[in-house]
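Please report on the fold below. Cover the sheet, the helices around it and the nonpolar cores.

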Amino acid sequence: MNLPKPTSKNNTTNIWRWLKRVIAKPRKRLGGHAICPYLQQYMDRISLVESVTPITVAENFATFHRQFGLEAVIVYGFDWDFDRVHKEVDAINKKFKTKDVECLAMCPDSEGAPFPIEYNYTQPLIILQKRSTLQEKRNHLAKMTDYYTYYNR
């Protein structure tokens, strides 16, 4: 098996800093909303995992997120292009379709982000979340706020 080499320059301190300063930060351009409005609330239930095999991390997340009280895992440490990352995301979502897992991605070379601001991280990330929580919060945002009016359409 030919695995991609890890990106050891990427470290958890930089990712946590980016999450707090970029993704969880309320923005005037988004009507006072953060890119991820609930991130701050769940920050202590998110884990960062360095891996060149995100699907293995997804398997473990699907099995253990309840036992460890995790809401999400952010996988980093792989040097893949946009197409390779999204192929992995599709495979994870297909494999865990009946589990409480939703997989999303952020890539430095992404275009057409849902918001009209630049917020991509410098390395590709795969985000594994509890689908039930994600759906509940999306529904709340849609019903109770104007959050989705800021989405690019």
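## Terms and model

Two strands pair if DSSP finds at least two bridges between them. Helices (H or I, at least four residues) and strands (E, at least two) are DSSP runs, numbered from the N terminus.

This is a predicted model: local features need pLDDT of at least 70, side-chain atom pairs count only at pLDDT 80 or more, and totals for chains, interfaces and linings use all residues. Residues are numbered from 1 along each chain as its sequence is written, and side-chain values use heavy atoms, with hydrogens and water left out.

## The sheet

Four strands form an open sheet, ordered S1-S2-S4-S3, with mixed pairing. S1 and S3 (102–106) are the edge strands, each pairing on one side only. From one strand to the next, the twist averages 20 degrees (axes are lines fitted to C-alpha atoms, for helices over the stretch in contact; angles run from 0 to 180 degrees between N-to-C directions).

S1 (residues 46–50) and S2 run parallel, joined by five bridges. Leu 48 has Ile 74 as its bridge partner in S2. S2 and S4 (residues 125–129) run antiparallel, with four bridges between them. Here Val 75 is partnered by Ile 126 of S4. S3 and S4 are also antiparallel, over five bridges. Glu 102 has Gln 129 as its bridge partner in S4.

## Strand S2

Why is S2 largely enclosed by the rest of the structure? Five of the five residues of S2 (residues 72–76) are buried, so the strand is largely enclosed. Buried means under 20% relative accessible area (1.4 Å probe, protein chains only).

In a regular strand the side chains alternate between the two faces of the sheet. Both faces of S2 are covered: Ala 72, Ile 74 and Tyr 76 are buried on one side, Val 73 and Val 75 on the other.

## Helices

S1, helix H3 (residues 54–68) and S2 make a right-handed β-α-β unit. Right-handed means that, with the strands pointing away from the viewer, the path from the first strand over the helix to the second runs clockwise.

Helix H4 (residues 82–95) lies across S3 and S4, at about 170 degrees to S3. Helix H5 (residues 131–144) packs on the sheet and touches S3 and S4; its direction makes about 70 degrees with that of S3.

## Nonpolar cores

A nonpolar core is a set of buried Ala, Val, Leu, Ile, Met, Phe, Trp, Tyr and Cys residues joined through side-chain atoms within 4.5 Å. The largest has 21 residues; Trp 18, Leu 19, Ile 23 and Leu 125 have the most contacts inside it. H1 (12–23), S1, S2 and S4 each give two or more residues to this core. H1 gives the largest share, five residues. Apart from this core lies another, of 18 residues, among them Phe 61, Leu 70, Val 89 and Leu 128.

Key: Buried means under 20% relative accessible area, exposed over 50%, partly exposed in between (1.4 Å probe, protein chains only). Contact means heavy atoms within 4.5 Å.
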